[in-house]
Every structure is written in structure tokens, then in C-alpha cells.
Amino acid sequence: MIDFIIVLCATTLSGSLLFLTTWSVQHVFAKQIKAKHSYLFMKLSLPGFCLPGLMALYFLCKLYDFKFIPVNGPDIKGMYSLGQFPRIASQHLSARRQPEAELLAAIWLVGVVTALFLIPVFQSCRLHRFLKLCTPVTERRPHLLLKELTSQYQITQEIRLYHCSCLNSPFLTGIRKPKIILPDTELSEEELRIILQHELTHYQNRDILFRILIGVIQGINWFNPMMLLFSHMFFDTVELACDEAVSEQLSNTQKSIYARLLLRLAAQPRHVTYATSFSNDNEAFFKRRISIIMKKSTAKKKLFSVALTISIAALSCPLVSYASSKGSLYLCNAVLQSAFDRNAVEVESMPEEHVEYHETIQLPADIKRISQPIVRGANSVDLTLSAYEETETLSFTAGSGEKVRFVVSGDNSSDSFKAGLLTPSGTISYVNSTNGTVNHTFTISEDGTYTVYFENKKSSSVHILGTVYLNY
């Protein structure tokens, strides 16, 4: 369980690092970088909260490698067998039980259930009750204007118009059946056009889907205070990017109308969950929105903004990759160590009485090479060698001081074979089997590329079965 906690922490840490990078850049280059590019980088930051956990999940899934074993029988042609390491891992994944870690995981799970199920259900019921108070817009003018704008924005899905007397700020809600809710107040044609442009820009950018995604990520990382700051900054950036996109299509006179409309509607806004609201009551953020609407954008600033966004993304990705790799690698090592510890009695019961030999040999050109990779952890060995046949596996990289343990045996105690490693210097380090078994640990003496080597010393075939542990 402690391994799960570590991976979860690696996940939320990588996302926090990207958030801090984004936050720093937006404050240092607030006047140079465009809002839409900040929004793009915020979207690119979202995998930082998910990638390490997904990589760890992928690693665990890859462990379960099913293998078809043919069987000669009247009723069955074969069977599927789960590899030895997956079997060990599945049996002993929870071997490192720690009460403190289990308590932390239980607290985290309660928070996730609350954030992802209880709160959304409550908010959805609240939104549903609110929508019951709304009535469809019957006036012809808003529908004609909406049809004109949806054609301009190349939106094919039907978007319905509603109005509500208890609403002060328009908003967009709904994914399958999107709706724009208008306040029951007098709006000029220009003001109505700007409001519809604003909400259709939200729809075109799929902002509601991103709000839901942020809610899911925030629910998983509810214990991280950075996540709360990230979500607030993300939603603010959504509005700034939307304001910027709309204002780029407006004249200076229309921008003034846009700013005055925000000021008028911001008096008593009503916030609705899973909806994009036109205005809010935060004074500092309101000033930023007015500044975005009224400022002029030059080609030089656009180029700088694009270049800066790409550079930040390129520099930040290694942080996420590093945290992802560390989290997944820790999980891998922990599972392996757990399996080794729990199986120590079984493995250690086979005495190591083998003498290690080191020879420089020339491998025959027709040596049998099997396509089995050797990876960190436990590698199943199941091969049959003809009389005096030699074989080697695919190469693997190992560092000085690492260990490779052979726990293999033949079908009969009379079987005789060699088992060892081909070293980067061209020598072979091997041991001879005793009573048809080999239980020996080789210590890597130099960094380089190695292969596992077997040689049959009998005049008849030998079937070798067991496990080779890398970094034992």
C-alpha cells in the first residue's frame, strides 16, 4: 500500500511542478504572453497530474503476460499460463503492508468518493432544480442571431436558448444538449451578440469538458493544496482566453460595449457548477478581463507569445517525465523486493555450492539465440537444448555491483548443463549444474551489455525450467 501512496505523491508532485512553472511565467510575462497561449499551456499541464499513475498502471498491466503452452491430449490442445513473475507479483503485491499507509489510503479514498461522487451528485441536483426555473426564449431576434453566429463558428449541434428571471449573468451548460441561459434583462442587439459570441467560444473550446476533467483531477488530488490553486487559475485563464478571442473580432466601440456589459452584469453574478459564466465578482480578476478586452495585440507580441509557450512546454516536460519514471520505477522495485522477500525461504532452501568459472570462448556462428528479453526483475526460463547445444538470450544492460541470480533446474537429477553470463569483455562466467539444478548469484563487475548463456553438456536433450532474477 505504501507503494501506491508513493506513486500518488509522484503524480501530484509532477503536476504541481508544472503548475508552479505556469504560474511563474504568467506573472513574469503577464503583459507579453497571450491568454490563449496561457490556456494552451494550462491544458498541456493536465497530464502532469495523470501521467505517472497511468505509467504505473501500464507497468502492472504489462506484467500479466499470458503464454500458450501446447498439450498433447485427446480433449485439449493447450493451455494459457501466467508468467512466473506476474504470478508472484499478483500474490505478493500487498506484502509490504503498513497500517499507516493503509490509513492514509483509506482517508484518500474517502476524499475521492466525496469529491467525485457525493459533491457532483449534489451539484447536479442543484443545477437541475435551477434549470426548471428557466423558460425557452420565444423571441425571434435572439434565435436569428444565434443561427447566424453558429454558422459563423461552424457549429452544427443545436444549441437552445433559455432565460431566467433569477439570473444576473448568462452562462453555457450541458454537453449532449447544450443550453445558453440568458438573464431576464433588457439587452441591446450588440450586447446580445457579444454574449452569444462569448458563450459559443466556450462551446467551441470544449470548456465545459475541461471543467469536468479538472473536477476529476482535483478529486483525485484533493489533498494537494496546489490543485485548488491550479483549478482557480485554470478557470480564470479560460475566461481570459475567451474574452481575448471575442475581443479580437470586435471594433474599439464594440470593445467598450463589451467592457460596460461586464461591469453591469458583474454586480450580482450567479455561479453555476459545470457551466461557464459570463461574469464574476472578483475585482482583481475583473480588471484583468477589462485589460484583455481593451488591449491591442501586435504581430511581434503574438510571435513572442507562441515562442515562449513552446519553450516552456519543452522545458517542463522533462519534469513530468522524471517524476513519472521515478514513481513507476519505485513501484517496480517495491513489487520485486516484496516478491523476493516472500519467496526467500523457497529460494534459499537450494544451497549455493557452485564454483564460478571464467573463460574466454568463441561462440559458434550457428549458436541458438532465443528471442526472450531479460528485464529487471524475474524472468521465466523454459527451454529445451539438444545434445551439446548452446544458447543465449537477447542482450540486456547492467551496471557494476548489480546481481543476476539463476534458479533453474532440469527435469532429472542426472541432467548436466552450464548456466552463466556472456560479459562485455568477451568472456563467459558460468557454473555447472549440481544434481540437475543451478542456484547461483553472479555479481556484475563492469558496466555493459550482457546475455544469459546456457549449454547442454549431455549427449541427449535437456529441458531447463526456472527463473533468472536481474538485480537480485
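I started at Val452: leaving aside neighbours within four places in sequence, I found Val452 in contact with Ile374, Thr391, Glu392, Thr393, Phe396, Phe406, Gly420, Leu421 and Val468 (contact means heavy atoms within 4.5 Å). A note for myself: this is a predicted model, where local features need pLDDT of at least 70, side-chain atom pairs count only at pLDDT 80 or more, and totals for chains, interfaces and linings use all residues. Residues are numbered from 1 along each chain as its sequence is written, and side-chain values use heavy atoms, with hydrogens and water left out.

Next I looked up the largest nonpolar core, which has 24 residues; Val452 is among those with the most contacts inside it, as are Phe396 and Phe406. Such a core is a set of buried Ala, Val, Leu, Ile, Met, Phe, Trp, Tyr and Cys residues joined through side-chain atoms within 4.5 Å, buried being under 20% relative accessible area with a 1.4 Å probe, protein chains only. I see that strand E18 (462–470) is one of those that each supply at least two residues, and E18 gives the largest share, 4 residues (strands are DSSP E runs of at least two residues, helices H or I runs of at least four, numbered from the N terminus).

Then I turned to helix H7 (residues 189–204). I noted that 13 of its 16 residues are buried, so H7 is largely enclosed by the rest of the structure. Just after H7, Arg206 takes a positive phi of about 55°.

Last, I checked H8 (residues 207–220) against H9 (residues 225–247). Asp207 and Phe210 are among the H8 residues that meet H9.

Definitions and conventions. Axes fitted to C-alpha atoms, helices over the stretch in contact; angles between N-to-C directions. Buried < 20%, exposed > 50% of the residue type's maximum accessible area, 1.4 Å probe, protein only. Expected span 1.5 Å × (residues − 1).
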